[in-house]
Amino acid sequence: MSKKLIASRLKDLDRADSYGQWRELALELDRLEGADAWKQDETSDDYDYLLIRERLRLMRELRRRGDVRELTFHLAEGLHGNLGNTSSPLLYGYARIGTKRLIEEYVDEAARCLDYICVGDFPNFSDDEKVLFFKRTGASFGRSALLLSGGATLGMFHLGVIKALWENGLLPRVLSGSSAGSIIAAMVATRSDAQLPAIFDPHGLNLAAFQRVSFVKMFRHGSTLMDSQRLEECLTANIGEESFVQAFERTRRILGVTVSPAELHQQPRLLNYLTAPNVLVRKAVQASCAIPGVFDPVTLLARDFNGEAVPYMRSKLWIDGSLANDLPLLRLARLHNVNHYIVSQTNPHVVPFLRDNVGRRRGLGNLTSELVKVAGRDVVKVAREHLNSYAAGRVVDKLNDILQQRYSGDVTIFPAHTPRQLMRMLANPSAEDIRQYIRAGERATWPKIERVRMQTRISRAFEDCLQWLKDRAEERQLSKLRPRIKSVRPARTTAELEISARTHS
């Protein structure tokens, strides 16, 4: 009976229409397959359960005692993103939902302690001291980012990943995109939470990015395969005319777009509100989508002192960001204190080598990927030794850039590509195509939701607490300026506030 019931529930899981339905079925399967017993047993060789148990006991004791100074001391000393190897992929491969109860209780208690410090009224611990604690300890702990890869039309899969994360309150504020991924990232980063649902409606999007040029024009004028003007019109309709800094100041989302140089003596760049604040987002995205031979290289535009759009680095041309830096991990770490990466990967030359690196398989996909990298490096070395042509050498160098990149993150979400999808990579998707891509992205994300929730819970609590303290400081300042108004927004009690259960935009 049990085997038949499991088989039936597995079929139901494949047909689930929502994450809530999928989650209930997954929890039932965990019970039927014995994963619940594994969760309850805190022991494992895959993490330091003795350390986690002791840290949990200490946090609970200090919070219940109300000793805020000693509590902040121990949190500042002991909160680390992967303390005791608790973020190991192996710990998320036994069960469909969640991991060891001890780890879940530890993460919940850490977030509860942060909430307690944030909203508690302590005579010997001022709001200024709270802000200093949250800034310093939050900087040490780090934050998460969502990185969207290239993949031409296949990149519409990212919309489903975004939808699943956003509906569950897990969409990071830091977003990065390359090529097709830059389109989706920019659409999100230029919209507020109230505007965001519109991008999941295929009829509300301009989908006509691809228009082939005539063969006569290609051969007579050395034109590219696709009409770059049509792409620019599509991006303008979907993204608008904001610069990076304008989009950031309006939505508070941090957008990064990767571009590659079209010529020598330039390095790949991550454009954002810090490195290129006045560059127009749509032009950066157009450059990141400029696949050589498919779209023309792009000169960026930026707003000058008077707000007029003018060429940015006038003599420089930029092309597809995926060629040299599909996932700008190091730059995000340096600029935005990111140390946890959620990757949505759709590049057709990468996905066949990816496998979920969870459970007892111990990263088969990563092993395959590494073998490809080693073989590719040897081929490139031989080619460089035997090619004297300068142009041929540059081609080999570009190939080496593509082969040697890292294409996965701490959590990697990817689709199952089909031959039909590959053949339509440079075709405009229909509204029904977009619906299918969104559903595929959602379904691929659902099995990762609880892992993302657990691994980002503490960093989200840091961000929410800092935002709440900032809002309260502004309220108090307004109350001083307008004495007739007791408060613009009344202070909330701990019972009323669930700071770490959502992400503040």
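Close-up A: Arg303 sits opposite Ala309 of strand 6. Strand 5 (residues 300-303) pairs with strand 6 (residues 309-312) in the antiparallel sense, over four bridges. Pairing here takes at least two DSSP bridges between the strands; strands (E, at least two residues) and helices (H or I, at least four) are DSSP runs numbered from the N terminus. The two strands make a hairpin with five residues between them, and Gly307 in the turn has a positive phi of about 90 degrees. This is a predicted model, where local features need pLDDT of at least 70 and side-chain atom pairs pLDDT 80 or more, while totals for chains, interfaces and linings use all residues. Residues are numbered from 1 along each chain as its sequence is written, and side-chain values use heavy atoms, leaving out hydrogens and water.

**Close-up B: the Glu70 and Arg65 salt bridge.** Their side chains meet at 3.0 Å, N to O. A salt bridge means a Lys or Arg side-chain nitrogen within 4 Å of an Asp or Glu carboxyl oxygen, and the count by this rule comes to 34. Glu70 and Arg65 also belong to a salt-bridge network with Glu54, Arg57, Glu61 and Asp67. Glu70 is partly exposed because its relative accessibility is 30% (buried is under 20%, exposed over 50%, partly exposed in between; 1.4 Å probe, protein chains only).

**Close-up C: Lys163 meets Glu442.** This salt bridge spans 3.1 Å, N to O. It ties together distant parts of the chain, with Lys163 in helix 8 (residues 157-167) and Glu442 in helix 19 (residues 431-445), 279 residues apart. Both Lys163 and Glu442 are buried.
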